[in-house]
Amino acid sequence: MPNNLIEIPGVSTGNAVPVLGGFYYITNDGKLYSVRNRKFLKPARDKYGYLYYTVSIDSKRTTIKAHRLVAIAFIPNPQNKPTVNHKNGIRTDNCVENLEWATSLEQAHDPLTRKKILQIAAHTDYRAMDEK
């Protein structure tokens with residue numbers, strides 16, 4: 001298991017932190033570097049627009065959201081809030097400055113979250129869903 005800080009091409013010291021047992025490093029803007037493969041992994045996008053990575057931990061493949069990795073690595077969470085909020089509402093913007101720990105209630109009352117929900121609702125044909 002790697003435990004020494006390593007030099008990552010194109011990343012300044014302090015802008016990447018070891019995560020997931022030290023086998024990966026997450027940068028403060030959400031890029032995930034594999035120590036074993038010596039390269040940045042390419043994120044995928046889920047159906048909600050969040051970026052995630054597929055990683056191997058103890059020989060098991062699992063997925064983890066980029067914004068959670070950044071928050072866990074760089075943002076203190078003294079109140080143990082369970083979710084991570086994108087302050088600007090852009091789900092692909094995983095810079096540490098754009099993220100904050102929040103409760104589900106705080107997220108529900110966030111004006112950007114409410115705006116996005118209303119936009120989705122305005123373009124969703126709920127009658128068609130009931131017919132299925």
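Q: What is the strand order in the open sheet of 4 strands?
A: The order is β1-β2-β3-β4, and the pairing is antiparallel. Strands are DSSP runs of E with at least two residues, helices are runs of H or I with at least four residues, and both are numbered from the N terminus. Two strands pair if DSSP finds at least two bridges between them.

Q: What should I know about the model and the numbering?
A: This is a predicted model, where local features need pLDDT of at least 70, side-chain atom pairs count only at pLDDT 80 or more, and totals for chains, interfaces and linings use all residues. Residues are numbered from 1 along each chain as its sequence is written, and side-chain values use heavy atoms, leaving out hydrogens and water.

Q: Which are the edge strands?
A: β1 (16-19) and β4 (39-40), each of which pairs on one side only. β1 pairs with β2 over 4 bridges, and Ala 16 has Thr 27 in β2 as its bridge partner.

Q: Ser 34, buried or exposed?
A: Ser 34 is buried, at 2% relative accessibility. Buried means under 20% relative accessible area, exposed over 50%, and partly exposed in between (1.4 Å probe, protein chains only).

Q: What does Ser 34 touch?
A: Not counting residues up to four places away in sequence, Ser 34 touches Phe 23, Tyr 24, Lys 39 and Leu 41. Contact means heavy atoms within 4.5 Å.

Q: New topic. How many residues has the largest nonpolar core?
A: It has 17 residues, and Leu 32 and Tyr 53 have the most contacts inside it. Such a core is a set of buried Ala, Val, Leu, Ile, Met, Phe, Trp, Tyr and Cys residues joined through side-chain atoms within 4.5 Å.

Q: Which element gives the most to this core?
A: α1 does, with 4 residues. A second, separate core has 5 residues, among them Ile 8 and Tyr 33.

Q: How many salt bridges are there?
A: The count is 3, taking a salt bridge as a side-chain nitrogen of Lys or Arg within 4 Å of a carboxyl oxygen of Asp or Glu. One of them joins Lys 65 and Asp 46, at 3.1 Å from N to O.

Q: Where do Lys 65 and Asp 46 lie?
A: Lys 65 is in strand β7 (residues 60-65) and Asp 46 is in the loop between β5 (44-45) and β6, so the pair ties together parts 19 residues apart in sequence. Lys 65 is partly exposed at 28%, whereas Asp 46 is buried at 16%.
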